[in-house]
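Please read it with the sequence and the model side by side.

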Amino acid sequence: LKILVLGLPCYAFYLQIFSGGSFQAIRQAFLQNYQALRPGYLILAVLLMPLNWLLETQKWRLLLRPDVDLPLSIAFRAVLGGVTVSLFTPNRTGEYAGRILLVDAQYNWKAAIASLVGSFSQIIVLTGMGIPGLIYFLTFLPKADYWAWLPYVGILPWGILLLLYLRTPRLLSLLNQFRIPERWKNHLRPLAVVKHYSQRQLVQALGLSFLRYLVYSAQYLLVLALFGIKPDLLEGVAGVATIFLLQTGIPLPPFGALLARGEIALLVWSVFGANEISILAATFLVFIINLSLPSLVGAVFILKTNVLKSIGYDDNQ
């Protein structure tokens, strides 16, 4: 398992950079723009990467309380371990499995549920920012009147999602009042941890998700500026929001969806007259900074972990 955990991210990293055209796109963009490059943009984008994952760590720790008070250092390693495993799973669902590998077995279910609720809050933020972003973006497309109504359809489902998120503990309490077969209750029992979440916890998690959104949006805009793509602030914010909204619906592992992400970025930024190579280079570079590099660090943490003990087996068994 450890060999796979180390080998697969390395292989994915190779595919992302050298086999998928990423390296050539980044290299060509650097050569085309080397006179106008501002390395400060790249340095700042890289420096924001730990902040991005620290905010995710704090959100996860918040949702683990009061049942588990996980130290920041252990939680941070677990979050990066989740990034490692998520690289080869659709929509990064392997993130849950990766995190439980670095916590005690007795906390596995709580860690997984906290990750699920945290992901739910992040999706709410992504869609909540993405819908107005898409509405604004469509005004730049020719003949957009034909589908300008489409984003408005998502407002009501988004409101329902937000309500469900904030009322999840109450909904689970109501669920207990119904007659449910015992075998189903056994499967639903791990969800009981959600009933202990307070409204304040859920709102705080939503706030941390929003801060994360601001951080990785800023990273994207900084890398775009590195390659000479500098839309107006409103255009840039709307473009980033549209890209993140569309990416959320791609049911592919991150490294498998990289080319699809590039196509989405081309669709959005070409509307504002950006160069194709620069768009692809910026997209690939953001991916490498925010996912590829943390996944390699996470692989090291997993290698140093007693995986069997983490999933409930002692060394003597």
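1. Basis. The model is predicted, so local features need pLDDT of at least 70 and side-chain atom pairs count only at pLDDT 80 or more, while totals for chains, interfaces and linings use all residues. Residues are numbered from 1 along each chain as its sequence is written, and side-chain values use heavy atoms, with hydrogens and water left out.

2. Overall make-up. The protein has 15 helices and zero strands; helices (H or I, at least four residues) and strands (E, at least two) are DSSP runs, numbered from the N terminus. Of its 317 residues, 46% count as buried. Buried means under 20% relative accessible area, exposed over 50%, and partly exposed in between, with a 1.4 Å probe and protein chains only. Among contacts (heavy atoms within 4.5 Å) between residues at least 6 apart in sequence, 77% join residues at least 24 apart.

3. Salt bridges around E56. The whole structure holds five salt bridges, each a side-chain nitrogen of Lys or Arg within 4 Å of a carboxyl oxygen of Asp or Glu. In one of them, R99 meets E56 at 2.8 Å, N to O. This pair links distant parts of the chain, with R99 in helix α5 (residues 94–100) and E56 in helix α3 (residues 39–64), 43 residues apart. R212 also forms a salt bridge with E56, the closest N and O atoms being 2.9 Å apart. Here the partners are 156 residues apart, R212 lying in helix α11 (residues 199–226) and E56 in helix α3. E56 counts as buried because its relative accessibility is 3%, and R212 is buried at 7%. A network of salt bridges links E56, K59, E95, R99 and R212.

4. R65 pairs with D69, and their closest N and O atoms are 3.7 Å apart. D69 is exposed, with a relative accessible area of 61%, whereas R65 counts as partly exposed at 30%.

5. Helices α6 and α11. Two packed helices are described by the angle between their axes and the distance between the axes. The axes of α6 (residues 108–138) and α11 come within 9 Å and cross at roughly 55°. Axes are lines fitted to C-alpha atoms, for helices over the stretch in contact, with angles from 0 to 180 degrees between N-to-C directions. The two helices are therefore oblique to each other; angles under 35 degrees count as roughly parallel, over 145 as roughly antiparallel, 65 to 115 as roughly perpendicular and the rest as oblique. Residues of α6 in the contact include V117, I124 and M129, and those of α11 include L206, F210 and R212. The contact residues divide into eleven nonpolar, four polar and one charged. Ala, Val, Leu, Ile, Met, Phe, Trp, Tyr, Cys and Pro count as nonpolar, Asp, Glu, Lys and Arg as charged, and the others, Gly among them, as polar.

6. Helices α8 and α11. Helix α8 (residues 155–166) and α11 have axes that come within 9 Å and cross at roughly 135°. L162, Y165 and L166 of α8 meet Q199, L202, V203, A205 and L206 of α11. This contact has seven nonpolar residues, one polar and no charged.

7. E263. This residue lies in helix α13 (residues 258–269). E263 is exposed, with a relative accessible area of 54%. Between E263 and I243 there are 10.0 Å, C-alpha to C-alpha, and the two are 20 residues apart in sequence.
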